[in-house]
Amino acid sequence: MKKLYPFVQNGYYGFMDETGKTSISAQYEAASAFYDGLSIVAKQNFYGLINKKNEPIVPLIYLDISFNDNGFILEDSTGFYLTDIQGK
């Protein structure tokens, strides 16, 4: 699958390919680079994970998400969770 790069337009993040063509429109308040095919994104101060087709893999319900060598660390009001790159 092709590489996608975050960009900012009118204060929102989207993703474009190496030619500059928009692949995912600017709609997120925050967005990370893709890690193993997934990006951490935020809307209305909640975080989730999307794939390169802009499909939600982990819903935007978390207070924070970070990436480490074992997958993603998800934080909600009750604690922390580890998920793999498939969102499981």
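In this predicted model, an open sheet is built from four strands in the order β4-β5-β6-β7, with antiparallel pairing. Strands of a sheet pair through backbone hydrogen bonds, in a parallel or an antiparallel manner. The edges are taken by β4 (30-31) and β7 (56-62); each has a single partner strand, so one side of each is left without a neighbour in the sheet.

Within this sheet, β5 (residues 39-43) and β6 (residues 46-50) run antiparallel and are joined by five bridges. Val-41 stands opposite Gly-48 in β6.

Four aromatic pairs are found in a search of the whole structure. One of them is formed by Phe-15 and Phe-34, and its geometry is tilted, with 4.8 Å centre to centre and 55° between the planes. Phe-15 belongs to strand β2 (residues 12-16) and Phe-34 to the loop between β4 and β5, so the pair ties together parts that are 19 residues apart in sequence. Phe-15 and Phe-34 are both buried.

Phe-34 has a further contact: Lys-52 lies over the face of the Phe-34 ring, at 5.6 Å from the ring centre. The two contacts of Phe-34 are listed below.

| Contact | Kind | Distance |
|---|---|---|
| Lys-52 and Phe-34 | Lys-52 over the ring face | 5.6 Å from the ring centre |

Note on methods. Residues numbered from 1 in each chain as written. Predicted model: local features only at pLDDT ≥ 70, side-chain atom pairs only at ≥ 80, totals over all residues. Heavy atoms only, no water. Pairing = 2+ DSSP bridges. Helix = DSSP H or I, 4+ residues; strand = E, 2+ residues; numbered from the N terminus. Phe/Tyr/Trp six-rings, centres within 6.5 Å; stacked < 30°, edge-to-face > 60°. Buried < 20%, exposed > 50% of the residue type's maximum accessible area, 1.4 Å probe, protein only. Lys NZ or Arg CZ within 6 Å of the ring centre and 35° of its normal.
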